[in-house]
Amino acid sequence: MPNFYVYILYSHSIDTFYIGYTEDLIHRLSQHNEHVFSGSFTHRASDWEVYFSLGCKSKGQAYPIELQ
């Protein structure tokens with residue numbers, strides 16, 4: 001079982017993608033849609049959905065993938 005996930009979210013309302021990484025993908029998706037991260041890029045929409053996710057063994061593996 002992965003410890004971290006690199007994820008790509010998509011918003012239909014603003015027709016754009018967002019890339020990030022997290023330990024808990026379902027919780028992080030909820031945070032983005034509930035605007036927990038005030039002033040963040042994802043604050044512009046409330047309809048984010050997981051477009052793609054990749055399980056990683058560690059933060060050290062996930063972070064460089066996110067940057068790509």
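Biologist: Which two strands form a hairpin with four residues between them?

Modeller: That is β1 and β2, and in the turn D15 has a positive phi of about 45°. Keep in mind that this is a predicted model.

Biologist: How many bridges join β1 to β2, and how do the strands run?

Modeller: Strands count as paired once at least two bridges link them. Here seven bridges join β1 to β2 (residues 16-22), and the two run antiparallel. To see one of these pairings, look at S11, whose bridge partner in β2 is T16.

Biologist: What about strand β3, how many bridges join β1 to it?

Modeller: Eight bridges join β1 to β3 (residues 48-56), again in an antiparallel arrangement. For an example, I8 stands opposite F52 of β3.

Biologist: Is strand β1 largely enclosed or open, and why?

Modeller: In a regular strand, side chains alternate between the two faces of the sheet. In β1 (residues 4-11), seven of the eight residues are buried, so the strand is largely enclosed by the rest of the structure.

Biologist: Let's turn to K59. Where is K59 found, and is K59 buried, exposed or partly exposed?

Modeller: K59 is found in helix α2, which covers residues 59-67.

Biologist: Which residues is K59 in contact with, leaving aside neighbours within four places in sequence?

Modeller: Those are F4, Y21 and P64. As for L29, K59 is 30 residues from it in sequence and 18 Å from it in space, C-alpha to C-alpha.

Notes. Residues are numbered from 1 along each chain as its sequence is written. This is a predicted model: local features need pLDDT of at least 70, side-chain atom pairs count only at pLDDT 80 or more; totals for chains, interfaces and linings use all residues. Side-chain values use heavy atoms; hydrogens and water are left out. Contact means heavy atoms within 4.5 Å. Buried means under 20% relative accessible area, exposed over 50%, partly exposed in between (1.4 Å probe, protein chains only).
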